[in-house]
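Let's take a walk through a protein chain together.

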Amino acid sequence: MKRHLLSQYNSLEEIMEFLKTKTDLTLSIVQDQWVTDGSLSITPGKKCILVKKSATAGAKINLLESSIVDVHPVPPSTFVNNMTQRGILAILVHMIISGSQNKVAEEVEKLLLEIQKD
């Protein structure tokens, strides 16, 4: 879901510093390797905040425009992410782990409400 944040939160670094004060989850700024926007390709050089609870449960935060973010549930592990991309096994793995990913994304969404623009 897209959120318009307060103007001082206009970079991934500022958003991550805020989140560090609110959660024990692992946070890092990484190369975006997850296809979540409906396209079939990854944009080279694009970065995101990775929020990690485990190898299978996480969320990513993309900065779309200045102070506008989008949060998506993702599997933080590159191996698990690759496993969920194709085939019958991918569908089964995705069904098993999607609930925990959604919980992490929901937690991040709730935290961002504190800095959301009215």
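Start at Ser67, which lies in the loop between S4 and S5. The names of helices and strands follow DSSP runs (H or I of at least four residues for helices, E of at least two for strands), numbered from the N terminus. What you see is a predicted model, where local features need pLDDT of at least 70 and side-chain atom pairs count only at pLDDT 80 or more, while totals for chains, interfaces and linings use all residues. Residues are numbered from 1 along each chain as its sequence is written, and side-chain values use heavy atoms, with hydrogens and water left out.

Is Ser67 buried or exposed? Its relative accessibility is 3%, so Ser67 counts as buried. Buried means under 20% relative accessible area, exposed means over 50%, and partly exposed is in between, using a 1.4 Å probe and protein chains only. Leaving out residues up to four places away in sequence, Ser67 touches Arg3, His4, Leu5, Leu6, Ser7, Tyr9 and Asn10; contact here means heavy atoms within 4.5 Å. The hairpin of S4 and S5 has two residues between the strands, and Ser67 takes a positive phi near 70° there.

Now let the hairpin lead you into the sheet. Strands of a sheet pair through backbone hydrogen bonds, either parallel or antiparallel. Two strands are said to pair if DSSP finds at least two bridges between them. S4 and S5 pair in the antiparallel sense over seven bridges, and Gly58 stands opposite Val74 in S5. S1 and S5 also pair in the antiparallel sense, over three bridges. Here Lys2 has Asp70 in S5 as its bridge partner, and His4 stands opposite Ile68 in S5. Six of the seven residues in S5 are buried, which leaves this strand mostly covered.

Step back, and you find an open sheet of five strands in the order S1-S5-S4-S3-S2, with antiparallel pairing. Strand S1 (2–4) and strand S2 (26–31) are the edge strands, each pairing on one side only. On average, neighbouring strands of this sheet are turned by 30° against each other, direction ignored. H1 packs on the sheet and touches S2, S3, S4 and S5; its direction makes about 165° with that of S2. Such angles run from 0 to 180 degrees between N-to-C directions, with axes as lines fitted to C-alpha atoms, for helices over the stretch in contact. In total the chain has three helices and five strands, following the pattern β-α-β-β-β-β-α-α along the sequence.

What holds the middle of this picture? A nonpolar core is a set of buried Ala, Val, Leu, Ile, Met, Phe, Trp, Tyr and Cys residues joined through side-chain atoms within 4.5 Å. The largest one has 22 residues, and those with the most contacts inside it are Ile15, Leu19, Ile49, Val51, Ile61 and Leu112. Two or more residues each come from helix H1 (12–20), strand S3 (47–52), strand S4 (58–65), strand S5 (68–74) and helix H3 (87–112). Beyond its neighbours within four places in sequence, Val51 is in contact with residues including Leu25, Ile61, Val104 and Val108.
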